[in-house]
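The sequence and the structure are shown first, and the description follows.

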Amino acid sequence: MRRAVDKHLLKSLLGLASLVELRDPYTGGHAWRVGQFSKHLALGVGLDRDQVFLAQLGGFLHDLGKVGIPDAVLRKPDRLTEDEFTLIKTHPAIGSDLLADHPLADLARDAVRHHHERPDGRGYPDGLAGEDCPVVARIVGVADAFDAMTSTRSYRRGMPIDRAVGILIAERGRQFDGTMIDGFVSLYQAGDTLGQIVGHSDHGQKLAVCPVCGPVLTVPRDATNGARLFCRNCGGLYRIEREDDEWVVYSIDAVPDPGALRPYPETDVQDEILQAIPPSRHSFFTGRLSALVGAGRH
């Protein structure tokens, strides 16, 4: 029996994902992008509405465990040492542990714990091989790797989409599930779905380019010309202006006001996931309460 989803409980779970992106400015929008890639891939390989929802949710939450990785390792601009990489590899298990006591943990545990497993059994943390790895985790693993390759980091620029797809194909059946790679290639060949997600932090909202750090500035959905953005990586304060579908960034010689330093939850992105809850998982009690409140019966 599928567990009903209370929207208030789910929102508390989604809020945890924002903590991860606050730790590392270079991952701005990563949770949204992996959720979107995962959703489209799940649709492309013919999964039902419930599994598509779990793929999108799992993609959004997959990196929860990185809150337990020290900044010195998580944000290191150089190649990791063997010991540091061993530490990074603990994040799926940490994420799984963080979820343990949440009432909706079952919705995301597979993606959070197993998105770094491999078909050849050489993944982590449990060395699951082939179909022993949950299907949602296999989807999120492909989406996560693709976003990592096409996103800019402190030590390199993001690579072109076609090159990243080529690497996925080369690792088909070894690092990545063959069916999921075939589905992702079909997405790539079908049109500009991938291009509308790469380099974005929301629908139609490209990352703004910090003059110092590159494309790392996440722009809120309701941003207007003249809005100010603070780069959490270099500490710069910038004004943005819209030109066509791009944000042009201008430096401001001023001290950021306290409001610019506050982390704001990605409410629009979270609401999109809440709206995607399939009917089979609607909570009777939440729906009944909403109906009563809407009718003034409270």
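Helix H1 covers residues 7–23, a run of 17 residues, and reaches 26 Å from its first C-alpha to its last, close to the 24 Å expected at 1.5 Å a residue. The model is a predicted one.

**Helix H1**

The buried residues of H1 are Leu10, Leu13, Leu14, Ala17, Ser18, Val20, Glu21 and Arg23. Their cover includes five helices: H2 (30–44), H3 (49–61), H4 (71–74), H6 (91–99) and H12 (267–275).

**Helix H3**

Helix H3 has 13 residues, which at 1.5 Å a residue should span 18 Å; the end C-alpha atoms of H3 are 18 Å apart, so the two values agree. The N-terminal end of H3 is capped by Asp48, with a side-chain oxygen 3.1 Å from the backbone nitrogen of Asp50. H3 is mostly covered, since eleven of its 13 residues are buried. The buried residues are Asp50, Val52, Phe53, Leu54, Ala55, Gln56, Leu57, Gly58, Gly59, Phe60 and Leu61. These buried residues pack against H1, H2, H7, H8 and H12.

**Helix pairs involving H8**

Two packed helices are described by the angle between their axes and the distance between the axes. The table gives these values for two pairs.

| Helix pair | Angle between axes | Distance between axes |
|---|---|---|
| H7 and H8 | about 50° | 8 Å |
| H2 and H8 | about 130° | 8 Å |

In the pair formed by H7 (residues 105–114) and H8 (residues 135–150), the angle is about 50°. H7 is therefore oblique to H8. The crossing of H7 and H8 is right-handed. The contact is made by Asp110, Ala111 and His114 of H7 together with Val136, Ala137 and Val140 of H8.

For H2 and H8, the angle is about 130°, and these two helices are therefore oblique to each other. Their crossing is right-handed. From H2, the residues His30, Arg33, Val34, Phe37, Ser38, Leu41 and Ala42 take part in the contact; from H8, they meet Ile139, Val140, Val142, Ala143, Asp144, Phe146 and Asp147.

**Arg33**

Leaving aside residues up to four places away in sequence, Arg33 touches Gly28, Asp147, Ser151, Ile197, Val198, Gly199, His200 and Leu207.

**Glu243**

Glu243 is located in strand S6, which covers residues 237–243. With a relative accessible area of 44%, Glu243 is partly exposed. Which residues does Glu243 touch, not counting residues up to four places away in sequence? The contacts of Glu243 on that basis are Val248 and Tyr250. Glu243 and Asn225 are separated by 18 residues in sequence, and their C-alpha atoms are 9.5 Å apart in space.

Terms used
Residues numbered from 1 in each chain as written. Predicted model: local features only at pLDDT ≥ 70, side-chain atom pairs only at ≥ 80, totals over all residues. Heavy atoms only, no water. Helix = DSSP H or I, 4+ residues; strand = E, 2+ residues; numbered from the N terminus. Expected span 1.5 Å × (residues − 1). Buried < 20%, exposed > 50% of the residue type's maximum accessible area, 1.4 Å probe, protein only. Contact = heavy atoms within 4.5 Å. Axes fitted to C-alpha atoms, helices over the stretch in contact; angles between N-to-C directions. Parallel < 35°, antiparallel > 145°, perpendicular 65-115°, else oblique. Left-handed = near helix turned anticlockwise from the far one by under 90°. Polar contact = N/O pair within 3.5 Å; in protein donor to acceptor, adjacent residues only side chain to side chain.
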